[in-house]
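Try each task before reading its solution.

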Amino acid sequence: ATTCTSQNPNVSMKLSVIINTITIACASAFAPISPTKTHTSLTMTWRDDNIITLVPKFKIHEGKKEEYMKVLPKFLEKVKANEQDTCVFYGFVGPTEDDLVICREGYNSADGLLKHLANVDAELKAALENADIIELNVQGPPAELEKLKEPLAAFNPTYYPLVEGSFRSTKN
C-alpha cells in the first residue's frame with residue numbers, strides 16, 4: 001500500500017485516489033483475458049471476434065481518377081440502404097499519391113459479405129471500368145473463410161484466418 005502525506009489533507013486524499021486508480025488500472029492491464037464469450041475490464045466488455053473483413057485495394061487507371069471517385073458515394077449509399085443487418089463497417093481510404101484506394105469492409109458473416117457483393121454488383125462493375133483490384137485480403141474465422149473460397153476465387157484473394165481467442169469490444 002502507498003501512503004501519501006501532505007500538509008494539506010485534500011492534496012493527500014487526491015494523491016491517494018490517483019495512486020489507487022493507477023494501481024487498479026495496471027493490474028487490470030496485465031490480467032489474462034478469459035477465452036469465454038465476454039470479458040469485462042474497467043471500462044470495456046469484450047466478446048469473441050467473428051467479423052469477416054474484406055480489404056480490396058484498387059489501382060485507378062491513369063486519367064480515370066475523377067470517374068472512379070464518382071462511383072464511391074454510390075457504394076456508400078447502397079450499403080447504407082440495404083445492409084443494416086449484415087454490415088459492421090464500410091468505407092474508403094484514399095486515393096494516395098499513386099492512385100491507390102482501399103475499401104475497409106466488415107460483415108457479421110460470410111453470408112453477409114456475399115449479400116454485399118450482390119448488392120453492389122453494378123457499382124463494382126462501374127468501378128472496375130476505371131480501376132483494377134490489385135490486392136484482396138479476406139480476414140475472419142476459418143469456418144467463415146471456407147464459405148468464401150469458391151465465390152471469391154476469381155479475385156485470387158489472400159485469406160487470413162483469425163486466431164482463436166481473438167476478441168472485440170461489445171461497444172462497436
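**Exercise 1.** Which side chain is joined to that of Asn-137 by a polar contact?

*Solution.* Keep in mind that this is a predicted model. Start by finding Asn-137 in strand β6, which covers residues 131-140. Next, look at the side chains: those of Asn-137 and Glu-135 are joined by a polar contact of 3.1 Å. Then check the accessibility. Buried means under 20% relative accessible area, and Asn-137 has 12%, so Asn-137 counts as buried. Finally, look for partners beyond four places in sequence: Asn-137 is in contact with Thr-53, Leu-54, Val-55, Thr-158 and Tyr-160.

**Exercise 2.** Find Cys-103 and decide: is Cys-103 buried or exposed?

*Solution.* Cys-103 sits in strand β5, residues 100-107. Its relative accessibility is 1%, and therefore Cys-103 counts as buried. Now list what surrounds it: leaving out residues up to four places away in sequence, Cys-103 touches Leu-54, Val-55, Pro-56, Tyr-90, Gly-91 and Phe-92. As a last step, compare sequence with space. Cys-103 and Lys-57 are 46 residues apart along the chain, yet 6.8 Å separates their C-alpha atoms.

**Exercise 3.** Describe how helices α2 and α3 meet.

*Solution.* First take the geometry. The axes of α2 (residues 65-82) and α3 (residues 110-119) come within 10 Å and cross at roughly 130°. The two helices are therefore oblique to each other. Their crossing is right-handed. Then pick out the residues: α2 brings Lys-78, Val-79 and Asn-82, which meet Lys-115, His-116 and Asn-119 of α3.

**Exercise 4.** Which residue caps the N-terminal end of α3, and which residues of α3 are buried?

*Solution.* Begin at the end of the helix. Ser-109 is the cap, with a side-chain oxygen 3.4 Å from the backbone nitrogen of Asp-111. Moving along α3, the buried residues are Ala-110, Gly-112, Leu-113, His-116 and Asn-119. Then ask what covers them: the cover includes β3 (52-60), α2, β4 (87-93), β5, α4 (121-127) and α5 (142-149).

**Exercise 5.** Where is the cis peptide bond between Gly-94 and Pro-95, and where are the positive phi angles of Asp-99 and Asn-156?

*Solution.* Take the cis bond first: omega between Gly-94 and Pro-95 is about 10°, and Pro-95 belongs to the loop between β4 and β5. Asp-99 is in the loop between β4 and β5 as well. Though not a glycine, Asp-99 has a positive phi of about 60°. Its relative accessibility is 18%, so Asp-99 counts as buried. Asn-156 is also not a glycine, and its phi is positive at about 50°. You will find Asn-156 in the loop between α5 and β7 (158-161). With a relative accessible area of 64%, Asn-156 is exposed.

**Exercise 6.** How many helices and strands does the chain have, and in what order do they run?

*Solution.* Count first: there are 5 helices and 8 strands. Then read from the N terminus on, and the order is α-β-β-β-α-β-β-α-α-β-α-β-β. To finish, look at the whole chain. Of its 172 residues, 30% are buried. Among contacts with a separation of 6 or more, 62% are between residues 24 or more positions apart.

Methods
Residues are numbered from 1 along each chain as its sequence is written. This is a predicted model: local features need pLDDT of at least 70, side-chain atom pairs count only at pLDDT 80 or more; totals for chains, interfaces and linings use all residues. Side-chain values use heavy atoms; hydrogens and water are left out. Axes are lines fitted to C-alpha atoms, for helices over the stretch in contact, and angles run from 0 to 180 degrees between N-to-C directions. Helices (H or I, at least four residues) and strands (E, at least two) are DSSP runs, numbered from the N terminus. Angles under 35 degrees count as roughly parallel, over 145 as roughly antiparallel, 65 to 115 as roughly perpendicular and the rest as oblique. A crossing is left-handed if the near helix is turned anticlockwise from the far one by less than a right angle, and right-handed if clockwise. Contact means heavy atoms within 4.5 Å. Buried means under 20% relative accessible area, exposed over 50%, partly exposed in between (1.4 Å probe, protein chains only). A polar contact is a pair of N or O atoms within 3.5 Å; within protein, one must be able to donate a hydrogen and the other to accept it, and residues adjacent in sequence count only if both atoms are side-chain atoms.
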